[in-house]
Amino acid sequence: MLCFSAEGTDNIWTGLHYWPISAGMGLLLSLLLLVVWFRWHYGKHSYIVNALVAMKKYRFLIQQLVNRDFKAKYKRSILGVFWSFLNPLLMMMVQYFVFSTIFKSDVPNFAAYLIIGTVMFNFFSESCSMTLGSILGNAGLITKVYMPKYIYPLTRTMSSMVNLVISLLPLMIVCLATGVQFRKATVLALYFFICLVIFCLGLGMLLATSMVFFRDTQFLWGVLSMMWMYATPIFYPEKILPDNLRLVLQINPLYHFLKNARMCILEGISPEPVIYFQCLMIAFAMLLVGAVVFYKNQDKFVLYL
């Protein structure tokens with residue numbers, strides 16, 4: 001009988017050059033912001049600056065719309081805002097019972113694994129569902145008061161962000177209760193939450209535009225969101241999928257946000273720098289598509305309200 005052991009290090013190029021790559025990405029972002037500022041300073045048209053100026057100009061109305069949407073959700077509810085804290089916990093407990101006792105999931109620290117997926121998908125579902133009807137739901141304001149129309153889907157997304165922030169508290173409680181050790185890399189999970197917010201805003205603007213012209217969008221979205229939930233490893237490990245379905249994960253933006261957020265929280269390690277760039281590009285690509293479609297059709301909204 002021959003017994004031996006071997007160990008070694010598998011060096012990844014991006015890992016060896018982590019900080020130079022991160023510094024390069026930060027420099028590119030700084031140059032982009034500098035170019036935008038110079039264009040605005042010399043009177044050239046800039047959509048980014050115009051959007052920021054409009055948000056500052058209408059900040060009071062934005063605040064009122066966010067407060068209205070948030071309060072309307074819990075109107076005449078006994079527990080009120082506490083549901084934002086309780087809802088992810090209850091969903092996690094039900095799914096934990098089903099998939100840890102009936103279907104026997106072998107995921108390490110399944111409770112924390114599950115609540116991270118639940119919190120992120122709940123925000124995605126709620127944000128897109130609320131933004132879907134943002135234009136139709138504010139038809140009275142749109143036809144009587146002038147303000148940039150993109151503010152309506154923006155305020156719905158911001159209202160959902162309030163629930164997301166509250167939901168982070170039970171997420172932390174479950175992680176601490178199940179023995180997850182928070183390390184420095186845990187903070188990096190916030191980056192992927194921000195990417196998710198940007199992605200949801202872009203998709204919400206696209207859905208809101210479609211809803212104005214095609215009222216069947218709300219029913220189609222209900223089916224699509226359910227398919228999206230099962231196509232995302234929220235309550236099951238990704239390794240159970242056969243190789244011919246791996247493509248479904250790779251083209252699923254939520255999978256990338258969720259996988260890397262779990263890596264930062266549960267494993268306490270940072271993904272490769274290229275992953276940060278990839279997730280940011282996915283989020284901004286969706287935002288760009290949604291913003292362009294919304295901008296091209298916003299003048300026609302009043303004809304269909």
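## The largest cavity

Helix 6 provides the largest share of the lining of the largest cavity, four residues, where helices are DSSP runs (H or I, at least four residues) numbered from the N terminus. Helix 6 (110–132) and helix 13 each supply at least two residues of this lining, which is made up of G117, M120, F121, F124, L196, T232, I234, L254, F257 and L258. Eight of the lining residues are nonpolar, two are polar and no charged residue is present; Ala, Val, Leu, Ile, Met, Phe, Trp, Tyr, Cys and Pro count as nonpolar, Asp, Glu, Lys and Arg as charged, and the others, Gly among them, as polar.

The largest cavity has a volume of about 60 Å³. On a 1 Å grid over the protein atoms alone, a cavity is a set of points where a 1.4 Å probe fits but cannot get out, whereas a pocket is an open set with protein on both sides within 12 Å along at least five of seven lines, and lining residues have an atom within 4 Å of a point. A volume is the space filled by probe spheres set on the points, which are joined across faces, edges and corners.

## The second largest pocket

The second largest pocket has a volume of about 410 Å³, and of its 16 lining residues the closest to its centre are V107, Y113, R262, L266 and E267. Helix 13 (residues 253–267) gives the largest share of this lining, seven residues.

## Confidence

This is a predicted model, in which local features need pLDDT of at least 70, side-chain atom pairs count only at pLDDT 80 or more, and totals for chains, interfaces and linings use all residues. Residues are numbered from 1 along each chain as its sequence is written, and side-chain values use heavy atoms, with hydrogens and water left out. The mean pLDDT (the predictor's confidence in each residue, from 0 to 100) of the protein chain is 81.
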